[in-house]
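Colleague: I am new to this structure and would like to learn how its features are read. Could you take me through them one at a time?

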Amino acid sequence: MKYIFPTCLGATFLLAGNLVFAQPAPVAAETPDHVYLPKELVERYPADSIKSNEVAERAVEEVNKTRADIEARFVADQKACYKVFFTTSCLDKIKEQRRLDLVSIKPIELEANSYIRHAKVDERDRRLAEKNAQNAAKAAANADKPVDERTAKDGPGAAEEAQRKARAEAYAKRNTEYAEKQRLLKENEAADAQKRAENVQRYEEKVRAAEEKQKEIARKKAEKANVPAAKP
């Protein structure tokens, strides 16, 4: 009987130790069919691929949906991490994955919003140019009309003629200024496009660097795990 208690006590500690180290590994949250994966979204909208307002609006909508799915997946993965033994390492991994996913879709949002913004400016300027052209044509037509000689020397006829000429000159000046504004706008758009391309390239380089870093960390962990323990 004196050997039964120590034996039972040892078995109890052994069983408790197995329960501690046999905790389940984190299970990745199930991904519904409607979830937009960041990689698929990036492939669908490469740099400088947005060429219409319709495509730009659709891209913004899909980016917002993808961002919401990334956050939902992160919350689900957090819950899974709290069930494993190495909780901190698990949380660090999913935080890094969330950061990379959000970084990968950001250039799409920037390019789409930039296109929408420029499209609105172009539409406004186009309507203004049409209105100015119509007014200028009307003023020029009125200026070409013969002046009644009986009122040309003095009276309202001379004043009206002077006003028509002044309006015509003003409209002509506006058109010249508008043409110069359009030229500068095109130059700025070209500069913005180059800047967007550079931003996209920097984002992609950061993503690749982060992925390589994660691979290197995983490789070192695997090598460390495979190194046999030193004999005492």
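Modeller: Let us begin with a charge and a ring: the charged end of Arg98 sits over the ring of Phe74, 5.1 Å from its centre, where "over" requires NZ of Lys or CZ of Arg within 6 Å of the ring centre and within 35 degrees of the ring normal. This is a predicted model, in which local features need pLDDT of at least 70 and side-chain atom pairs count only at pLDDT 80 or more, while totals for chains, interfaces and linings use all residues. Residues are numbered from 1 along each chain as its sequence is written, and side-chain values use heavy atoms, with hydrogens and water left out.

Colleague: What aromatic pair does the structure hold?

Modeller: A pair of aromatic rings is described by the distance of the centres and the angle of the planes. Rings of Phe, Tyr and Trp (its six-membered ring) pair if their centres lie within 6.5 Å, and planes under 30 degrees apart count as stacked, over 60 as edge-to-face and the rest as tilted. The structure holds one such pair. Phe85 and Phe86 form it, edge-to-face, at 4.9 Å centre to centre with 85° between the planes.

Colleague: Which residues lie nearest the centre of the largest pocket?

Modeller: A pocket is an open set of points on a 1 Å grid over the protein atoms alone, where a 1.4 Å probe fits, with protein on both sides within 12 Å along at least five of seven lines; lining residues have an atom within 4 Å of a point. Gln97, Leu100, Asp101, Val207 and Glu211 lie nearest the centre, among 39 lining residues, which divide into 23 nonpolar, four polar and twelve charged.

Note on methods: Nonpolar A, V, L, I, M, F, W, Y, C, P; charged D, E, K, R; others polar.
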